Amino acid sequence: MALIHGGQLQQVAKQFNIAPENWLDLSTGIAPFSYPIPDIPEKSYQELPQSSHDLETAAKHYYDANSLLVTNGSQAIIKLLPTLWSEQNSHSTTVYLPEQGYKEHALAWQTAGFTLCWYQDELPAFTEIKKNSVLVIINPNNPTGQLYNRSILINYQEKLAKCNSLLVIDEAFIDVIKPSQSMTNTINNSNNTLILRSFGKFFGLAGIRIGFLIGEETWLEKFREHLGAWQVNGPAQYIAGKALVDKRWQKQQQQNLKTLSARLRAVLAENVPFEFTTTISGTDLFQTVYFKEGIDVEHYYVALCQQGVYVRLTDDKRALRFGLAKVEQLERLANALASINN
Ligand SMILES: Cc1ncc(COP(=O)(O)O)c(C=O)c1O
């Protein structure tokens with residue numbers, strides 16, 4: 001089964017009969033400014049990609065992690081994880097997942113035969129968590145933006161370790177939040193925690209397919225074995241190696257995203273009628289508007305598409321998630337939203 005994601009512009013453009021180049025595409029949480037592509041040495045294209053000591057050192061520093069695996073994005077790990085966990089713990093049959101959140105996690109566990117137990121904003125109570133289970137947390141959550149405090153996550157980590165359970169934290173959007181909230185430096189000697197870090201969102205380069213799995217070495221070795229050689233292409237490794245050490249660019253990016261996120265929030269608050277909405281929440285990489293019960297959110301989505309503005313209708317059709325618009329695109333978004341109200 002293929003899930004619906006943002007970023008499927010070709011398909012939506014065809015559906016609404018508007019040429020792809022005429023769209024304002026705000027359907028993903030990928031930064032609208034990307035790390036500038038450096039001059040890439042020809043050998044990065046010519047040679048088979050080897051693991052790069054420089055890239056690993058840069059990544060360990062950026063992510064504050066002692067051991068990590070360079071992957072071709074979090075997605076590859078999300079898909080493989082249930083099989084590897086089942087090999088390690090054959091008694092494990094239950095996974096706790098956020099009801100709202102990136103649905104590829106649920107699909108992977110379901111495909112591997114696990115029973116899915118959903119939690120809403122509150123994490124499942126300690127007393128409810130079964131032995132030999134898995135808890136998946138997306139922190140901050142996409143699309144709600146909810147952030148679980150690190151001290152709470154550490155309590156869960158300890159509790160799960162005592163009952164042979166696995167903690168999976170997907171930190172795809174955490175780069176825009178204080179580094180001290182990340183759990184990446186808690187995995188020393190803890191083989192019950194895996195953390196996923198996406199490179200593409202904050203650095204605005206989702207197309208190069210690179211990401212990082214942070215976990216204890218025995219876990220990384222299992223993934224290495226299953227994934228096999230040459231997972232991450234040479235140019236992607238080269239670009240990420242430069243981006244991860246470029247503190248100046250990272251700081252500028254943080255500021256730009258913060259400014260654009262505030263501008264986006266203001267446009268949404270001004271142009272979606274207050275009486276239709278409950279909350280606007282998100283991160284500095286996207287903002288999600290939640291609508292009151294009884295409001296036809298799909299109608300809003302379609303009305304935006306008809307004007308060539310592509311956003312993400314959440315799976316439960318209760319909300320619209322908006323990726324960041326560049327300053328010069330905000331007026332078009334505001335006009336499109338305002339025209340729906342009139
Ligand atoms: C929460 C979350 N995790 C993981 C991913 C996958 O990211 P990637 O494979 O590009 O690292 C996404 C993609 O949108 C996401 O939203």
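Helices (H or I, at least four residues) and strands (E, at least two) are DSSP runs, numbered from the N terminus. This is a predicted model, in which local features need pLDDT of at least 70, side-chain atom pairs count only at pLDDT 80 or more, and totals for chains, interfaces and linings use all residues. Residues are numbered from 1 along each chain as its sequence is written, and side-chain values use heavy atoms, with hydrogens and water left out.

**View 1. Asn17 in the loop between α1 and β1.** Helix α1 spans 9–16 and strand β1 spans 24–25. Asn17 lies in the loop between them. Asn17 is not a glycine, yet its phi is positive, about 55°.

**View 2. Residues around the ligand.** Gly73, Ser74, Gln75, Tyr102, Ile138 and Asn142 are among them. Asp170, Ala172, Phe173, Ser198, Lys201 and Arg209 also belong to the set. The shell holds four nonpolar, five polar and three charged residues. Here Ala, Val, Leu, Ile, Met, Phe, Trp, Tyr, Cys and Pro count as nonpolar, Asp, Glu, Lys and Arg as charged, and the others, Gly among them, as polar.

View 3. On its own the ligand has 400 Å² of accessible area, and the protein covers 90% of it. Areas come from the Shrake-Rupley method with a 1.4 Å probe.

**View 4. Two cis peptide bonds, Asn139 to Pro140 and Asn142 to Pro143.** Omega is near -5° for the bond from Asn139 to Pro140. For Asn142 and Pro143, omega is about 20°. Pro140 lies in the loop between β5 (133–138) and α6 (150–162). Pro143 is also placed in the loop between β5 and α6.

**View 5. The salt bridge of Glu171 and Arg197.** A salt bridge is a side-chain nitrogen of Lys or Arg within 4 Å of a carboxyl oxygen of Asp or Glu. The count by this rule is seven. In the pair shown, N to O is 3.1 Å. Glu171 lies in the loop between β6 (166–170) and β7 (193–198), and Arg197 in strand β7, so the pair ties together parts 26 residues apart in sequence.

Note on methods
Near = heavy atom within 4 Å.
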